[in-house]
Amino acid sequence: MTLLYKCNRILAGLIDLIVFYIPCQLLTYVVLPQGNQSNLLSQFLFCLLLTVCVLGYGQTPGKFFARLKVVSSNQSDDWLWVSARELSKIVYFLPFVGLFLAIVSLVLYVLKGRFIHELLSGKEVSVTGITDKNENHLDL
């Protein structure tokens, strides 16, 4: 697993946070009074949007731009497993334990190449669309 691949994975997560989480946070801030329910709702909406993207397109916007795709290690794209993978990311937002789990997940990713939510769901992320430079070149 190359450094470029690992950087792409982290970049994909940051893009997903910018594209989905910040708007969800702003929406719940405007609609609901600030509190734990508002934060929990924005985090749930974030995970739900990621689930819909993976179920519908096989990748989130961040994974699209990083040329990554979620694939099943057992070749099953069951909606229940995809939902479990994406909704398990909500543990990273828990007040005190979330930061610890996020750090453990990053360390596990550096050592083993998979995050906690991937180990729990049996899904993997693979690189798609990255080919040799000359393969996509048209000779004119």
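What percentage of the 140 residues in the protein chain is made up of buried residues? Buried residues account for 33%, where buried means under 20% relative accessible area, exposed over 50% and partly exposed in between (1.4 Å probe, protein chains only).

This is a predicted model, in which local features need pLDDT of at least 70, side-chain atom pairs count only at pLDDT 80 or more, and totals for chains, interfaces and linings use all residues. Residues are numbered from 1 along each chain as its sequence is written, and side-chain values use heavy atoms, with hydrogens and water left out.

**Figure 1. Elements of the protein chain.** The chain holds six helices and two strands. Helices (H or I, at least four residues) and strands (E, at least two) are DSSP runs, numbered from the N terminus. Their order from the N terminus is α-α-α-β-α-α-α-β. Of the contacts (heavy atoms within 4.5 Å) with a separation of 6 or more, 67% join residues 24 or more positions apart.

Figure 2. Helix α1 covers residues 3-31, 29 residues in total. From first C-alpha to last it reaches 41 Å, close to the 42 Å expected; the expected span is 1.5 Å times one less than the number of residues. A kink of about 35 degrees is centred on Leu 17. The bend is the angle between axes fitted to the seven residues ending there and the seven starting there. Buried residues of α1 include Tyr 5, Arg 9, Ile 15, Phe 20 and Cys 24.

**Figure 3. Packing of α1 on α2.** The axes of α1 and α2 (residues 36-57) come within 9 Å and cross at roughly 140 degrees. Axes are lines fitted to C-alpha atoms, for helices over the stretch in contact, and angles run from 0 to 180 degrees between N-to-C directions. The two helices are therefore oblique: angles under 35 degrees count as roughly parallel, over 145 as roughly antiparallel, 65 to 115 as roughly perpendicular and the rest as oblique.

**Figure 4. Packing of α2 on α4.** Helix α4 spans residues 79-87, and its axis comes within 9 Å of that of α2, crossing at roughly 140 degrees. That makes α2 oblique to α4. The contacting α2 residues include Phe 44, Leu 48 and Val 54.

**Figure 5. Arg 67 in its loop.** Arg 67 lies between α3 (61-65) and β1 (68-72). Its phi is positive, about 60 degrees, although Arg 67 is not a glycine. Most residues other than glycine have a negative phi. At 45% relative accessibility, Arg 67 counts as partly exposed.
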